[in-house]
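Me: I would like to learn how to read a protein model step by step. Could you take me through it slowly, giving the general idea each time and then the case at hand?

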Amino acid sequence: MTSRRCIVLEDGVRELLELNHYTIQMVPVGYNKHSPPAHLIASRGPDDMRYIRIKKVSRRSRTIQNIEVMCKNEIVQYRKMLARSPHSKGVHCEIWIYTLNDGYRCFEVLPENVREIPKLAADNI
């Protein structure tokens with residue numbers, strides 16, 4: 001998201017994660033360029049932390065290849081962060097794509113690739 005007009009999307013994600021017992025930290029606008037490109041940081045216990053970037057798109061196909069192009073800079077930054085701490089198994093870097101027709105589709109950035117996170121019920125995140 002490049003605009004704070006989409007704060008409603010952040011609030012929706014925050015509420016969904018809080019329902020699943022995550023503690024949420026909202027990252028302020030103008031994050032440090034050396035920090036992960038996240039809008040939200042969600043944690044649940046010492047071994048489960050999610051850095052979540054939220055993007056709103058309209059008509060584009062949301063394939064993994066399109067996500068890799070559309071979110072290239074965020075993916076590079078996430079991979080740098082993952083490379084600095086390769087033994088952190090509980091750290092997840094995610095990009096949540098929102099469209100009016102589909103709602104949220106979630107993708108996890110891994111060191112070698114990007115994978116779609118299967119849709120789960122609200123109480124199974």
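Reply: Let us begin with a word that we shall need throughout: a residue is called buried when its relative accessible area is under 20%, and exposed when that value is over 50%. Please keep in mind that this is a predicted model.

Me: Which residues of helix 3 are buried?

Reply: In helix 3 the buried residues are Glu74, Ile75, Tyr78, Met81 and Leu82. They cover an arc of only 125 degrees around the axis, and therefore they sit on the same side of helix 3.

Me: Why do residues three or four places apart point the same way in an α-helix?

Reply: The general idea is that an α-helix has 3.6 residues a turn, so residues at such a spacing point the same way. In this structure, the face of helix 3 that is turned away from the buried side carries Lys72, Asn73, Lys80, Ala83 and Arg84, which are exposed.

Me: What do the buried residues of helix 3 pack against?

Reply: They pack against strand 3 (49–56), helix 2 (64–70), strand 4, strand 5 (103–109) and strand 6 (114–117).

Me: How far apart should the ends of helix 3 be, and how far apart are they?

Reply: Helix 3 has 13 residues (72–84), and at 1.5 Å a residue these should span 18 Å, whereas the end C-alpha atoms are 19 Å apart, which agrees.

Me: What should I look for when I turn to nonpolar side chains?

Reply: The general idea is that in soluble globular proteins nonpolar side chains tend to be buried together. Here the largest nonpolar core has 18 residues, and of these Cys71, Tyr78, Ile95 and Ile97 touch the most other members. Helix 2, helix 3, strand 4 and strand 5 each supply at least two residues of this core, and helix 3 gives the most, with four residues.

Me: Which residues does isoleucine 97 touch, not counting residues up to four places away in sequence?

Reply: With those neighbours left out, isoleucine 97 touches Lys55, Val57, Arg62, Ile67, Met70, Cys71, Gly103, Tyr104, Arg105 and Phe107.

Me: Is valine 13 buried or exposed, and where does it lie?

Reply: Valine 13 lies in helix 1 (residues 7–19), and because its relative accessible area is 1%, it counts as buried. If we again leave out residues up to four places away in sequence, valine 13 touches Leu40, Ile54, Trp96 and Tyr104.

Me: How many salt bridges does the structure hold?

Reply: For this step you need a cut-off, namely that a side-chain nitrogen of Lys or Arg lies within 4 Å of a carboxyl oxygen of Asp or Glu. The structure holds eight salt bridges. In one of them arginine 50 pairs with glutamate 94, with 3.5 Å between the closest N and O atoms. This pair links distant parts of the chain, since arginine 50 is in strand 3 and glutamate 94 is in strand 4, 44 residues apart. Both arginine 50 and glutamate 94 are buried.

Me: What else does the side chain of glutamate 94 make a polar contact with?

Reply: The side chain of glutamate 94 makes a polar contact with the side chain of tryptophan 96, at 2.8 Å. Glutamate 94 itself has a relative accessible area of 2%, which means that it is buried.

Terms used: Residues are numbered from 1 along each chain as its sequence is written. This is a predicted model: local features need pLDDT of at least 70, side-chain atom pairs count only at pLDDT 80 or more; totals for chains, interfaces and linings use all residues. Side-chain values use heavy atoms; hydrogens and water are left out. Buried means under 20% relative accessible area, exposed over 50%, partly exposed in between (1.4 Å probe, protein chains only). Contact means heavy atoms within 4.5 Å. A polar contact is a pair of N or O atoms within 3.5 Å; within protein, one must be able to donate a hydrogen and the other to accept it, and residues adjacent in sequence count only if both atoms are side-chain atoms. The expected span of a helix is 1.5 Å times one less than its number of residues. The arc is that of the directions from the helix axis to the C-beta atoms. A nonpolar core is a set of buried Ala, Val, Leu, Ile, Met, Phe, Trp, Tyr and Cys residues joined through side-chain atoms within 4.5 Å.
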